Amino acid sequence: MRNPGRALHRVTAAPKVGTVSTSSVPRPEPTAPSGPLSRPRLPRPAGPGSPQGFLPALALFAGLRLAGILAVILTNELRGHPLVRNLAHSWDSRWYLHIATHGYGHLIWVSPQGAVQTDWAFFPLYPALIRALTLPLPLTPGQAALLIAWTAAGVAAYGIYRVGHHLYGRGVATALVALWGALPHAVELTIAYTESLFAALAAWSLYGVLKERWLEAGTLAALAGLSRPSGFAVAVAVSLAAGYEALRQRGRAPARLWAGALLAPLGWLAYVLWVGSRTGDLFGGYFTVQSAWDSRFDFGAGSVRFLGALLLHGGGVVYPVALLIVLVSLLLFVLLCLDRAPLALVVYAGVLVLLVVGGSGSFSSKPRFLLPAFPLLIPMARALARTWWLRRPPAVAVYGALALFSLLTGAYVTAVAHSPL
């Protein structure tokens, strides 16, 4: 999390915007009235080139996430557990490490309910990168997995900063990165999971859309589709934004726009079809594999059953917190829409929220699925940036509370709770 930039800029008139895509236009704040009662303005978007002020934002993000790792290590020490093992060998991490070492088709688990779960449920980009690092470097698969996750988290934070800076300027961009690093389950960005890699690819793909770099956006969307089952959310966002732009230009869009739109879903489709070919059911095999993991889109039936069970029997700490996070994400999505955010950001966040609410599976994992949905934080980031300038002590208190809650939650879900991450 980063403190917003300190430079104040007085603007006397909002810039005029011509006929350009709404997906790529920086959105200026309303002009402050002149006179002694005028309020401080947030920094405005900079001109072409790399934005200023990103290093403090990234340093705050890195410091908070390092504190999260140290909190996990301290909790392990207090509980007599191996200090760092659960960072690289928790739940799904073990499947990724096995795929990186042995390839697909060698690990099968029969659940207590009799479901046959296979490693084909896990997308290939992360284990492929792990293997690529362990071949030339003296790293174990677990070490390589953490190195990739930590690096990708930093790349994602910078991409999120660039998105925020392009739209609203330095102050909001810093607040956006700061809030993303202080999410309750942000510790899962720095364990051997795919969320940080997916978030990095998604953030830079969406930035490509905002800058109308369609080939870049489509290529990164295709890679995002190889990283997670929810990777198609990026492809949908890129393709719809490209379609809107083509419609706005009345079909006279450049070839690179069409190429980016066509590239975007190829990664996800390629893996789904590959799994289908291995199972003998080209179009349905992958979804059969996921069903064995109780991972399917059931239009919210599983969420309703979970809510009923939680109200009747309770759920300790993890499940009520997960439910609260999902409910807050719905509210933030409504605010994002009311904020008139660019189409690509709204679609991307909306698809991820829809998958969380309408999908089955363990409810304790749903906050993790929402980690890459950083556009949901834009309304909060704008409010935090304003508060920082107008009433700094309350802003510090609110952010400090969020950061502390993130550290405690991360240590608990990683090193104490037995619920799936």
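Tutor: Buried residues account for 52% of the 421 residues in the protein chain. The model is a predicted one. Its chain has 18 helices and two strands. Of the contacts between residues at least 6 apart in sequence, 75% join residues at least 24 apart. The accessible surface comes to about 18800 Å², and carbon and sulfur atoms hold 69% of that area.

Now to the salt bridges. The structure holds seven of them. One of these pairs Glu-188 with Arg-368, with the closest N and O atoms 4.0 Å apart. This pair links distant parts of the chain, 180 residues apart: Glu-188 sits in the loop between helix H6 (170–181) and helix H7 (195–210), while Arg-368 belongs to helix H16 (residues 366–370). Glu-188 has a relative accessible area of 1%, so it counts as buried. Arg-368 is also classed as buried, because its relative accessibility is 3%, where buried means under 20%.

Another salt bridge joins Glu-195 to Arg-228, and here the closest N and O atoms are 3.1 Å apart.

Arg-248 and Glu-245 are both in helix H9, three residues apart, which is about one turn of the helix. Their side chains meet at 3.0 Å, N to O. Glu-245 is buried, at a relative accessible area of 1%, whereas Arg-248 is partly exposed, at 28% relative accessibility. As for the pairs with shared partners, salt bridges join Asp-92, Glu-188, Glu-195, Arg-228 and Arg-368 into one network.

Glu-188 also has a place in the lining of a cavity. The count of cavities of 30 Å³ or more comes to one, and the largest cavity holds about 40 Å³ of space. Among the residues that line this largest cavity are His-185, Glu-188, Val-318 and Ser-364. The lining also includes Val-413, Ala-417, Ser-419, Pro-420 and Leu-421.

Leaving aside neighbours within four places in sequence, Thr-409 is in contact with Pro-184 and His-185. Thr-409 lies in helix H18 (residues 392–415) and is buried, with 9% relative accessibility. Thr-409 is 223 residues from Ala-186 in sequence, yet the two C-alpha atoms are 9.0 Å apart in space.

Definitions and conventions
Residues are numbered from 1 along each chain as its sequence is written. This is a predicted model: local features need pLDDT of at least 70, side-chain atom pairs count only at pLDDT 80 or more; totals for chains, interfaces and linings use all residues. Side-chain values use heavy atoms; hydrogens and water are left out. Helices (H or I, at least four residues) and strands (E, at least two) are DSSP runs, numbered from the N terminus. Buried means under 20% relative accessible area, exposed over 50%, partly exposed in between (1.4 Å probe, protein chains only). Contact means heavy atoms within 4.5 Å. Accessible areas come from the Shrake-Rupley method with a 1.4 Å probe; for residues, only the protein chains shown count as cover. On a 1 Å grid over the protein atoms alone, a cavity is a set of points where a 1.4 Å probe fits but cannot get out, and a pocket is an open set with protein on both sides within 12 Å along at least five of seven lines; lining residues have an atom within 4 Å of a point. Grid points are joined across faces, edges and corners, and a volume is the space filled by probe spheres set on the points.
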